[in-house]
Amino acid sequence: MQYKRFGGEDKLSVLGFGCMRLPCLNEDSSCIDLEQAQKMVDKAIDAGVNYFDTAYVYHGQNGEQALAKLLRPYPREQYYLADKFPLSVDRTGARIEEIFECQLQRCETDYFDYYLIHAVQRANWESLKNSRIYQTLRDYQNQGKIRHLGMSFHDTPEMLREILDTYSFDFVQIQLNYLDWNLIDSKRCYELLTEREIPVFVMEPLRGGFLADISQPAFQAFYQAAPDRSPASWGLRWVAGLPAVQVVLSGMTHPDQV
C-alpha cells in the first residue's frame with residue numbers, strides 16, 4: 001500500500017474504502033450483507049487500507065451503523081473515519097446538532113477524523129451560505145469532534161471558485177477520473193484546489209465502474225501497453241498519480257474488487 005501524509009500528521013492510504021456501494025442481500029440497498037462486507041473490510045485493512053468513508057444517507061441511512069459493526073474488531077487509532085453532513089436532509093442547519101450527534105452514535109465514535117459537507121453544488125449553495133452549518137461544524141472542530149473539515153463538491157469550476165472565496169476547507173473531495181478530466185472539466189477543479197494548496201480527495205475514480213468495463217478498442221490500447229494491468233488499475237493509478245491527490249475512494253461491492 002502507498003501512503004501520503006495529510007498535513008504532516010495523518011498517514012493516509014492512497015486507496016480509500018468508499019462505503020456507498022456495500023454488498024446487499026437483495027435489491028433493497030438498506031439490507032447490507034454484513035458477512036460479505038466484513039470479508040471485504042478485513043481484506044482491505046490487511047492490505048493496508050486505513051481510510052473509510054461513509055455518509056448519513058448511504059444505504060437508506062443504514063450505512064453508518066453497518067460500517068461501525070465492520071470496524072469493531074479494530075482499534076479506533078488503526079483507521080481514519082470520514083462522514084458527511086447531509087444537505088439533502090437539512091439545508092438550513094435547523095437539525096445540525098441532532099444529525100451530528102446521531103452520526104456519532106451510529107458510528108460508535110466520539111469524533112470524526114474527516115468530516116465533509118455533503119454534495120455542495122449550485123442548487124444548495126445559497127441555502128448553505130445563509131445557514132449556520134459551516135460555523136457550527138467549525139465549532140465542533142474546535143471541540144475536537146471533527147479533526148479535519150472539508151466538502152464533497154459536485155458542480156463547475158466557476159462554482160468551486162465562488163465557494164472557495166467564501167469558505168476555507170482543510171480538504172475538498174471532487175469527482176475526478178481520466179474521462180471527466182475534460183468532459184466535465186475536473187481538470188480545472190483540480191487546478192483551482194492545487195493553486196490554493198488544498199488537498200484533493202477523489203470520488204468516482206472509475207466513474208461508478210464505467211471505466212472498469214470499457215470498449216474493446218480502449219481495452220486493446222491498455223492491453224498492448226501493459227498486459228498485466230486491468231482497465232480499473234489504469235483508472236485508479238492515473239488518478240493516484242496526480243501530485244495533489246491525497247486519497248482515491250473506490251466504492252467496492254465485491255471481494256474481488258477489493
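## The largest cavity

The largest cavity in this predicted model has a volume of about 40 Å³. The count of cavities of 30 Å³ or more comes to one.

Seven names make up the lining: Glu-64, Leu-67, Ala-68, Leu-71, Tyr-79, Leu-81 and Cys-107. Helix 3, which spans residues 63-71, gives the most to this lining, with four residues. By class, the lining has six nonpolar residues, no polar ones and one charged. Glu counts as charged, and Glu-64 is among the lining residues.

## Helix 7 against helix 9

Helix 7 covers residues 157-166, and helix 9 covers residues 186-195. Their axes come within 9 Å. They cross at roughly 20 degrees. Angles under 35 degrees count as roughly parallel, and helix 7 and helix 9 are therefore roughly parallel to each other. The crossing of helix 7 past helix 9 is right-handed.

## Residues at the helix contact

Helix 7 makes the contact through Pro-157, Leu-160, Arg-161 and Leu-164. Helix 9 brings Arg-188, Cys-189, Leu-192 and Leu-193. Six of the residues in this contact are nonpolar, none is polar and two are charged. Arg counts as charged; Arg-161 comes from helix 7 and Arg-188 from helix 9.

Notes: Residues are numbered from 1 along each chain as its sequence is written. This is a predicted model: local features need pLDDT of at least 70, side-chain atom pairs count only at pLDDT 80 or more; totals for chains, interfaces and linings use all residues. Side-chain values use heavy atoms; hydrogens and water are left out. Axes are lines fitted to C-alpha atoms, for helices over the stretch in contact, and angles run from 0 to 180 degrees between N-to-C directions. Helices (H or I, at least four residues) and strands (E, at least two) are DSSP runs, numbered from the N terminus. Angles under 35 degrees count as roughly parallel, over 145 as roughly antiparallel, 65 to 115 as roughly perpendicular and the rest as oblique. A crossing is left-handed if the near helix is turned anticlockwise from the far one by less than a right angle, and right-handed if clockwise. Contact means heavy atoms within 4.5 Å. On a 1 Å grid over the protein atoms alone, a cavity is a set of points where a 1.4 Å probe fits but cannot get out, and a pocket is an open set with protein on both sides within 12 Å along at least five of seven lines; lining residues have an atom within 4 Å of a point. Grid points are joined across faces, edges and corners, and a volume is the space filled by probe spheres set on the points.
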